[in-house]
Amino acid sequence: SGCAARVRAAAVPLLGFAEALAREGLVPGGTRRNLEAVTVAWDPSLAEAERLLCADAQTSGGLLMAVPPDGVEGLLEALRAEGVTRAARIGRILAEPVLRVVRQAAT
């Protein structure tokens with residue numbers, strides 16, 4: 001499509017000890033392969049563990065949805081009303097070809 005996204009790594013919901021495990025290098029092999037395979041402009045301040053978490057390969061992981069900007073809050077409210085506690089806005093779609101992952105920036 002020629003589009004990409006800007007993802008705020010700090011906004012990605014994580015489970016329990018995921019970050020501690022990633023810092024120890026305890027991640028699925030597919031995660032490292034994902035990290036090598038993707039074309040990403042990483043924020044240079046992101047540690048390897050943060051990059052690994054953004055490339056997590058576990059198939060039972062979260063769901064990523066893209067919705068128009070004016071629908072984000074309504075979607076988040078609806079998800080929370082249904083008991084989804086980790087719903088979060090983690091970034092936005094860009095009209096450029098490279099995925100950008102930043103530590104924390106305005107969406």
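The paragraphs below treat these topics in turn.

The model is predicted: local features need pLDDT of at least 70, side-chain atom pairs count only at pLDDT 80 or more, and totals for chains, interfaces and linings use all residues. Residues are numbered from 1 along each chain as its sequence is written, and side-chain values use heavy atoms, with hydrogens and water left out.

**Cysteines**

The structure holds zero disulfides, a disulfide being a pair of cysteine sulfur atoms within 2.5 Å. For Cys3, the closest cysteine sulfur is that of Cys54, 20 Å away, which is too far for a bond. The table gives the accessibility of both residues; partly exposed lies between buried (under 20% relative accessible area) and exposed (over 50%), with a 1.4 Å probe and protein chains only.

| Residue | Relative accessible area | Class |
|---|---|---|
| Cys3 | 42% | partly exposed |
| Cys54 | 32% | partly exposed |

**Helix H2 and Thr31**

Helices (H or I, at least four residues) and strands (E, at least two) are DSSP runs, numbered from the N terminus. Helix H2 spans residues 29-37 and includes Thr31. Its buried residues are Gly30, Thr31 and Leu35. Viewed down the axis of H2, these residues fall within an arc of 145 degrees, so they line one face of the helix; the arc is that of the directions from the helix axis to the C-beta atoms. Arg33, Glu36 and Ala37, on the other side of H2, are exposed. The buried residues of H2 pack against strand E2 (40-42) and helix H3 (48-54).

Thr31 has 0% relative accessibility and therefore counts as buried. Its side chain makes a polar contact with the side chain of Asp56 at 3.4 Å and reaches the backbone nitrogen of Ala57 at 2.9 Å. A polar contact is a pair of N or O atoms within 3.5 Å; within protein, one must be able to donate a hydrogen and the other to accept it, and residues adjacent in sequence count only if both atoms are side-chain atoms. Not counting residues up to four places away in sequence, Thr31 touches Leu52, Ala55, Asp56 and Ala57, where contact means heavy atoms within 4.5 Å.

**Nonpolar core**

The largest nonpolar core has 10 residues: Ala5, Val7, Ala9, Leu35, Val40, Trp42, Leu46, Leu52, Ala55 and Val101. Such a core is a set of buried Ala, Val, Leu, Ile, Met, Phe, Trp, Tyr and Cys residues joined through side-chain atoms within 4.5 Å. Strand E1 (4-8) and E2 are the elements that give two or more residues to this core. Leaving aside neighbours within four places in sequence, Leu46 is in contact with Ala9, Arg51, Val101, Val102 and Arg103.
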